[in-house]
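Subject: Structure handover

Hi,

Here is the structure I promised to pass on. Have a look at it first, and then read my notes below.

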Amino acid sequence: MTLTIVDHPLVQHKLSLMRDKSTPTNQFRQLLREISHLIAYEVTRDLPLELCDIETPMRSMQAPVLTGKKLALVSILRAGNGLLDGVLELIPSARVGFVGLYRDEETLQPVQYYFKVPDDLQNRVVIAVDPMLATGNSSVAAIDLLKQAGARNVKFLCLLAAPEGIARMQEAHPDVDITTAAVDDCLSDIGYILPGLGDAGDRMFGTK
């Protein structure tokens, strides 16, 4: 597993604004959309290319273009939709899927309620998106489902990660690379990332 921390100054600045509890919901959503563009550049850095014959206004040339099946973006609901929207702006041709999971607040274990993904996952690069990699239980469960559906090349994109979540993912799916903006200190007693930014879904949608 490769862990990539995107430490670009713009990413870190926007992340700090998102951490601030006084940042309002509309600004939080906008910052999440903006930061997802920047992180998406890193998670897609090794997409395969092939050369294609084209004509520029000046001459013919062989130019690099993406090759193979269009990649699949899979949002881990509901908070994953905040990252999904931004990445889709960068890669509008991507296929989109959804994995619905919520965390039981007593056991911290994921409960599935929805699953709908593109076909032919085995021939696509699949990028699963969720703002938080906390305990790792929901993310691992989502990737379990994606692999059962045929996915063989899966990447995980998140905004924040905890060491516990990274270890859980590495144990369950050592072949899945993780790209994140920061690795925080630890988890709280109830499974929230510290110092973190609170519940990403609640802050994004204005719920509690």
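Between which strand and which helix does the loop with Asp199 lie? The loop runs between strand S14 (193–194) and helix H6 (200–205). Before I go further, please keep in mind that this is a predicted model.

I started with Asp199 because at 28% relative accessibility it counts as partly exposed. Its side chain reaches the backbone nitrogen of Asp202 at 2.8 Å. Leaving aside residues up to four places away in sequence, Asp199 touches Arg78 and Tyr192.

Ala200 sits in helix H6. With a relative accessible area of 6%, Ala200 is buried, since the cut-off for buried is under 20%. Again not counting residues up to four places away in sequence, Ala200 touches Phe28, Ala79, Pro131 and Met132.

**Annotated sites and the largest pocket**

An unreviewed UniProt entry places a "binding site" feature at Ile193, Gly198, Asp199 and Ala200. From that set, Ile193, Gly198, Asp199 and Ala200 are in the lining of the largest pocket.

Another "binding site" annotation, also from an unreviewed UniProt entry, covers Arg78, Arg103, Asp130, Pro131, Met132, Leu133, Ala134, Thr135, Gly136, Asn137, Ser138 and Asp199. Of these, the lining of the largest pocket takes in Arg78, Arg103, Asp130, Met132, Leu133, Ala134, Thr135, Gly136, Asn137, Ser138 and Asp199.

Arg103 is in strand S5. Gly136 is in the loop between S8 and helix H4 (137–148). Is Gly136 buried or exposed? Gly136 is buried, with a relative accessible area of 3%. Not counting residues up to four places away in sequence, Gly136 touches Gly165 and Arg168.

**The chain as a whole**

The secondary structure of the protein chain comes to 6 helices and 14 strands. A compact globule of 208 residues would have a radius of gyration near 17 Å, and the 18 Å of this chain agrees with that. Along the principal axes, the C-alpha atoms fill a box of roughly 60 × 35 × 25 Å. Buried residues make up 45% of the 208 residues. If you take contacts between residues at least 6 apart in sequence, 64% of them join residues at least 24 apart.

**How the strands pair**

There is an open sheet of 3 strands in the order S8-S10-S12, with parallel pairing. Its edge strands are S8 (132–133) and S12 (182–183), each of which pairs on one side only. Strand S10 (residues 160–161) pairs with S12 in the parallel sense over 2 bridges, and Val183 in S12 is the bridge partner of Ala161.

Then have a look at strand S11 (residues 177–180). Strand S1 (residues 3–5) pairs with S11 in the parallel sense over 3 bridges. S9 and S11 also run parallel, joined by 3 bridges. Which residue in S11 is the bridge partner of Leu3? That partner is Ile178, and Ile178 is the bridge partner of Phe156 as well.

**Helix H3 and what covers it**

Helix H3 (residues 80–90) has these buried residues: Gly80, Gly82, Leu83, Leu84, Gly86 and Val87. An α-helix has 3.6 residues a turn, so residues three or four places apart point the same way. The cover over the buried residues of H3 includes helix H2 (25–43), strand S4 (72–77), strand S5 (95–103), strand S7 (125–129), strand S9 (153–157) and H6.

**One arginine to check**

Arg124 has a relative accessible area of 7%, so it counts as buried. Where does its side chain go? The side chain of Arg124 reaches the backbone oxygen of Asp119 at 3.0 Å. Leaving out residues up to four places away in sequence, Arg124 touches Lys69, Lys70, Ala72, Arg95, Pro118, Asp119 and Asn153.

Over to you!

Notes:
Residues numbered from 1 in each chain as written. Predicted model: local features only at pLDDT ≥ 70, side-chain atom pairs only at ≥ 80, totals over all residues. Heavy atoms only, no water. Pairing = 2+ DSSP bridges. Helix = DSSP H or I, 4+ residues; strand = E, 2+ residues; numbered from the N terminus. UniProt positions renumbered as here; feature names shortened; annotations may be inferred. 1 Å grid on protein atoms, 1.4 Å probe; cavity = no way out; pocket = protein on both sides within 12 Å on 5 of 7 lines; lining within 4 Å. Buried < 20%, exposed > 50% of the residue type's maximum accessible area, 1.4 Å probe, protein only. Contact = heavy atoms within 4.5 Å. Polar contact = N/O pair within 3.5 Å; in protein donor to acceptor, adjacent residues only side chain to side chain. Rg over C-alpha atoms; globule rule 2.2 N^0.38 Å.
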